[in-house]
Amino acid sequence: MNVSKLLVAGVAFSMSAGAFAAGVHGGGHGASSGEPGKASEVARTITVEMYDNYYEPEEITVKPGETVRFVVENKGNLVHEFNVGTPDMHKAHQEEMMMMVEHGVIQGGKLNQDMMNMDMGNGHSMKHDDPNSVLLEPGQSKEVVWKFSDKGNIEFACNVPGHYQSGMYGDVNFE
Ligand SMILES: [Cu+2]
C-alpha cells in the first residue's frame with residue numbers, strides 16, 4: 001500500500017469510527033437476545049452449516065434461558081456470519097458490515113485480518129469479536145456459546161451485505 005492510499009484509508013477510518021460507536025459495537029447489545037453463555041452451562045450443541053447464501057438448519061428451537069453451543073461451519077465459497085440477535089440488531093450490524101466491505105476488510109471469500117486489527121482511534125477497530133457472532137472464511141469453523149433470554153423476536157443471521165436480503169437468516173423459536 002502506498003502512502004497516499006494509507007492517508008485515504010486513515011481518513012475513512014476516522015470518519016466511520018463514530019458510526020461504529022453508534023452501532024452494536026457500542027455495547028449493550030445482546031440485552032434482548034440473551035447473553036454470552038458459560039461452557040459449564042451448555043445444555044446442547046447445535047451444528048450450523050453456512051452455504052451461499054443460506055443456513056442448514058433453517059431454524060432452531062430453544063428452551064427459554066437455555067445455553068447452547070453452536071458449532072458454526074462455513075461450507076460456502078463466500079465469507080459468512082452467524083449472528084444471534086433481534087432484527088433491529090441485525091439491521092444495525094448490516095451497516096457496519098457494509099463499511100467492512102467498503103474498507104476491504106471483507107473481500108468475497110477472504111477476510112483482511114491486518115485491517116480488522118488496525119486501531120481506528122478512540123479504541124475502535126474493525127475487529128469482529130462480539131460474543132453473539134462469528135465471521136468465517138470458507139472452510140473455517142468456530143463456536144458460539146450463547147445463553148438465550150426467556151423469549152423474544154430473535155433470528156440468527158448473516159449480515160454480510162446482500163446476504164440477509166437474499167434470505168440468509170433463520171428464526172429462533174422458543175419452546
Ligand atoms: Cu452470508
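User: In what sense do E5 and strand E10 pair, and over how many bridges?

Analyst: In this predicted model, E5 pairs with strand E10 (residues 141–148) in the antiparallel sense, over seven bridges. Within that pairing, phenylalanine 70 has valine 144 of E10 as its bridge partner.

User: What about strand E2 and strand E5: parallel or antiparallel?

Analyst: Strand E2 (residues 44–51) and strand E5 (residues 67–74) pair in the parallel sense, over seven bridges.

User: Which residues in E5 are the bridge partners of arginine 44 and isoleucine 46?

Analyst: Arginine 44 is partnered by valine 68 of E5, and isoleucine 46 by phenylalanine 70 of E5. Phenylalanine 70 also has valine 144 in E10 as a bridge partner.

User: Changing topic: in what order do the strands of the five-strand open sheet come?

Analyst: The order is E4-E12-E11-E6-E9, and the pairing is mixed. Strand E4 (60–62) and strand E9 (133–136) are the edge strands, each pairing on one side only. On average, neighbouring strands of this sheet are turned by 20° against each other, direction ignored.

User: How many bridges join E4 to strand E12?

Analyst: Three bridges join E4 to strand E12 (residues 169–174), and the two run parallel. There, valine 62 has phenylalanine 174 of E12 as its bridge partner.

User: Now the helix. Which strands does helix H2 lie across?

Analyst: Helix H2 (residues 87–102) lies across strand E6 (80–85) and strand E11 (154–157), and runs at about 140° to E6.

User: Which residues of H2 are buried, and what covers them?

Analyst: The buried residues of H2 are Met89, His90, Ala92, His93, Gln94, Met97 and Met100. Their cover includes E6, strand E7 (106–107) and E11.

User: What span should the 16 residues of H2 have, and how far apart are the end C-alpha atoms?

Analyst: At 1.5 Å a residue, the 16 residues should span 22 Å; the end C-alpha atoms of H2 are 23 Å apart, so the two values agree.

User: And which residue with a positive phi follows H2?

Analyst: Glycine 104 follows H2, and its phi is positive, near 80°.

Terms used
Residues numbered from 1 in each chain as written. Predicted model: local features only at pLDDT ≥ 70, side-chain atom pairs only at ≥ 80, totals over all residues. Pairing = 2+ DSSP bridges. Helix = DSSP H or I, 4+ residues; strand = E, 2+ residues; numbered from the N terminus. Axes fitted to C-alpha atoms, helices over the stretch in contact; angles between N-to-C directions. Contact = placed C-beta atoms within 7 Å. Expected span 1.5 Å × (residues − 1). Buried ≥ 20, exposed ≤ 12 C-beta atoms within 10 Å, placed from the backbone.
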